[in-house]
Amino acid sequence: MLKFIIFALTVALCEAGPANNVVRPCRLDDLKCIRDNISANSNCNANVRGSIPSEYVIPRFNFETPFFNASYIDNNLIIRNNDACRVSEFFFNVKADTSVLSVDCPNLDLESDRTLIQHASLQEDTTYNYHIRGIYPLIRLTTNLLNADRLNLCNAFTYADVTALPIFKIDPKDRPTANFLSRDLSLLNIYERETFAYRAPQLIRQFVNSLICDFGCQ
């Protein structure tokens with residue numbers, strides 16, 4: 001059960017949904033109000049650093065694309081423009097005992113030296129290597145924080161909406177990789193949805209733990 005709802009000073013900006021179950025206590029640009037509400041209903045640390053680097057590096061990032069029977073390793077993954085992300089929705093559903101937080105990330109820029117591991121039945125894995133940089137016009141992250149009196153970002157599912165396909169550049173590191181990589185982009189939307197199922201938790205945690213309230217997970 002929700003412990004506290006702390007309203008913004010400008011009450012006219014707060015909204016209630018059907019049957020007063022949905023409550024929007026804060027303006028979306030009021031991170032302090034959002035912080036106060038989340039910290040009052042969780043064990044997170046409200047003493048955050050207050051900024052995200054415009055560019056940072058993750059030494060190794062693993063992800064899977066089951067549809068394509070492939071595993072990937074992003075080596076020295078450079079993430080740019082995570083600092084441009086902004087809250088696009090925040091509310092409590094009192095009856096459902098849930099809080100919803102959405103974050104929009106425009107022009108998200110990802111660059112890495114990637115290893116692709118292709119799997120096949122009854123066969124040895126094959127490995128390919130290439131450099132890739134992709135810029136995504138808008139990634140929308142939505143996380144549902146259950147049990148509104150003990151919110152926990154670390155075990156919450158985050159859905160990533162890849163609203164538009166990226167502009168990207170790929171540089172194969174050898175001839176076998178160049179021959180293997182497809183130029184058919186008809187399934188790129190499936191690939192990106194599967195990719196961001198893995199990227200979404202890291203991106204939302206970087207945003208929330210840096211700017212709103214630190215749950216202590218990466």
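Arginine 133 is partly exposed, its relative accessible area being 33%. The model in which this residue sits is a predicted one. Its protein chain contains 3 helices and 9 strands, and 46% of the 218 residues are buried. Arginine 133 also belongs to a network of salt bridges together with Glu55, Arg80, Asp109 and Glu111. The points below are grouped by topic.

**Overall architecture**

- Followed along the sequence, the elements of the protein chain come in the order β-β-α-β-β-β-β-β-β-β-α-α.
- Along the principal axes, the C-alpha atoms of the protein chain occupy a box of roughly 60 × 35 × 30 Å.

**The salt-bridge network**

- In total, the structure has 12 salt bridges.
- As a general principle, side chains of opposite charge can pair when their charged atoms come close.
- Another bridge joins the side chains of glutamate 111 and arginine 133, at 3.9 Å from N to O. Because glutamate 111 is in strand S6 and arginine 133 is in strand S7 (residues 126-146), the pair ties together parts separated by 22 residues in sequence.
- The two partners fall into separate classes of burial: glutamate 111 is buried, with a relative accessible area of 14%, whereas arginine 133 is partly exposed at 33%.

- Aspartate 74 and arginine 114 form a salt bridge in which the closest N and O atoms are 2.7 Å apart.

- In general, most residues other than glycine have a negative phi.
- Asparagine 76, in strand S4, has a positive phi near 50° although it is not glycine. Asparagine 76 is partly exposed, with a relative accessible area of 46%.
- Asparagine 107, in strand S6, likewise has a positive phi, near 50°. The relative accessibility of asparagine 107 is 43%, which makes it partly exposed.

**Strand S8 and its partner S7**

- S7 and S8 run antiparallel and are joined by 5 bridges. Threonine 142 is placed opposite tyrosine 159 of S8.
- In a regular strand, side chains alternate between the two faces of the sheet.
- Strand S8 (residues 158-162) has a covered face made of Thr158, Ala160 and Val162. Its uncovered face holds Tyr159 and Asp161.

**A nonpolar surface patch**

- Phe168, Ile170 and Leu185 form a nonpolar patch on the surface, and together they have about 230 Å² of accessible area.
- Isoleucine 170, one of these residues, lies in strand S9 (residues 167-172). Its relative accessible area of 32% makes isoleucine 170 partly exposed.

- Helix H3 (residues 188-211) comprises 24 residues. From its first C-alpha to its last, H3 reaches 32 Å, close to the 34 Å expected at 1.5 Å a residue.
- H3 has a kink of about 40° at arginine 199, shortly before proline 201.
- H3 is mostly covered, with 19 of its 24 residues buried.
- Asparagine 37 is part of helix H1 (residues 31-40). With 0% relative accessibility, asparagine 37 is buried.
- Asparagine 37 and isoleucine 212 are separated by 175 residues in sequence, and their C-alpha atoms are 10.0 Å apart in space.

Terms used: Residues are numbered from 1 along each chain as its sequence is written. This is a predicted model: local features need pLDDT of at least 70, side-chain atom pairs count only at pLDDT 80 or more; totals for chains, interfaces and linings use all residues. Side-chain values use heavy atoms; hydrogens and water are left out. A salt bridge is a side-chain nitrogen of Lys or Arg within 4 Å of a carboxyl oxygen of Asp or Glu. Helices (H or I, at least four residues) and strands (E, at least two) are DSSP runs, numbered from the N terminus. Buried means under 20% relative accessible area, exposed over 50%, partly exposed in between (1.4 Å probe, protein chains only). Patches are made of residues with over 30% relative accessible area and no salt bridge: like charges are joined within 9 Å, nonpolar side chains (Val, Leu, Ile, Met, Phe, Trp, Tyr) within 5 Å. Accessible areas come from the Shrake-Rupley method with a 1.4 Å probe; for residues, only the protein chains shown count as cover. Two strands pair if DSSP finds at least two bridges between them. The expected span of a helix is 1.5 Å times one less than its number of residues. The bend at a residue is the angle between axes fitted to the seven residues ending there and the seven starting there.
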